[in-house]
Amino acid sequence: MSDPHSLALRAKMLGAMVREARELAGKSMREAAERIGVSTSTYSSYEHGRKAISLPELEVLALDFGVPLERFWSAQPEDLQPKADFDPKTMILLRQKMIGAQLRAHRQADNRTLVDIGKATDISPSRISAYERGERPLPLPELQELAEALGRPLEDYLDEEGPVGEWQAEQKVSEKLSQLPDDLVDFLMQPESETYLRLARDLGKLGSERLRSVAQALLELTP
């Protein structure tokens, strides 16, 4: 169980990283606040750690600032500038409800009550219930606490199918490509390589016995 000082420290660290990302993106506090539908004073409290930002709000800012979400809880920043056309306020409300539904499903799957989770996190059961119903924003540090209490990684609650999720998937592909040797990247970029890639994909779906049979057949064809 984390004490209030630990949660406050997390909020301050998160706020500092949000501020750094905003400044690097050349955005003003007013622009960032308008983007997620909060007042400038509320947004300022996020950056100064007086109040913790919610995951849906952070997802929108990550997309707007051009940094992957992991930037806010790890030391792996990347210089990527995605674009998206969506209503951030509606997205935040929907994501808030989706995260709440996920928390409830995970809690019930573990046969744990609101009181159980409240004792494990020092968050009141009524507050957790409001989070599960999507009735109030869930600050990221508290979501981390709840996820830990449920034995779930924070990544379980990230957006996978919306614009943020699509962008995250693109960044992972880009990261994997950047780790490949230059000669292999050059090969992948050639239009004629698509046939070989599809063949590799299909072969990867075969079982080990089937692969051995294919290999043996190829050897028998060799003069």
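## Overall build

Of the chain's 223 residues, 38% count as buried. The model is a predicted one. There are 12 helices in the chain and zero strands.

Now look at the contacts. Take those between residues at least 6 apart in sequence: 64% of them join residues at least 24 apart. The surface comes next.

## Helix α2

Helix α2 covers residues 29-36. Which of its residues are buried? A32, A33 and I36 are buried in α2. Seen down the axis of α2, the buried residues fall within an arc of 100 degrees, so they line one face of the helix.

What follows the helix? Just after α2 comes G37, with a positive phi of about 75 degrees.

## A look at M29

M29 belongs to helix α2. Is M29 buried or partly exposed? Its relative accessibility is 22%. Buried means under 20%, and exposed means over 50%. M29 therefore counts as partly exposed.

Which residues does M29 touch, leaving out those up to four places away in sequence? They are R22, T40, Y43, S44 and E47.

## The largest pocket

Rolling a probe the size of a water molecule over the atoms shows where empty space is left. In this model, the largest pocket holds about 300 Å³ of space. Its lining is made up of 20 residues. K51, A52, R127, P139 and E142 are the closest of these to the pocket centre.

Where does the lining come from? Three helices each supply at least two residues: α1 (4-24), α7 (125-132) and α8 (140-149). The largest share, four residues, comes from α1. Sorted by class, the lining has 12 nonpolar residues, six charged residues and two polar residues.

Note on methods:
Residues are numbered from 1 along each chain as its sequence is written. This is a predicted model: local features need pLDDT of at least 70, side-chain atom pairs count only at pLDDT 80 or more; totals for chains, interfaces and linings use all residues. Side-chain values use heavy atoms; hydrogens and water are left out. On a 1 Å grid over the protein atoms alone, a cavity is a set of points where a 1.4 Å probe fits but cannot get out, and a pocket is an open set with protein on both sides within 12 Å along at least five of seven lines; lining residues have an atom within 4 Å of a point. Grid points are joined across faces, edges and corners, and a volume is the space filled by probe spheres set on the points. Ala, Val, Leu, Ile, Met, Phe, Trp, Tyr, Cys and Pro count as nonpolar, Asp, Glu, Lys and Arg as charged, and the others, Gly among them, as polar. Buried means under 20% relative accessible area, exposed over 50%, partly exposed in between (1.4 Å probe, protein chains only). Contact means heavy atoms within 4.5 Å. The arc is that of the directions from the helix axis to the C-beta atoms.
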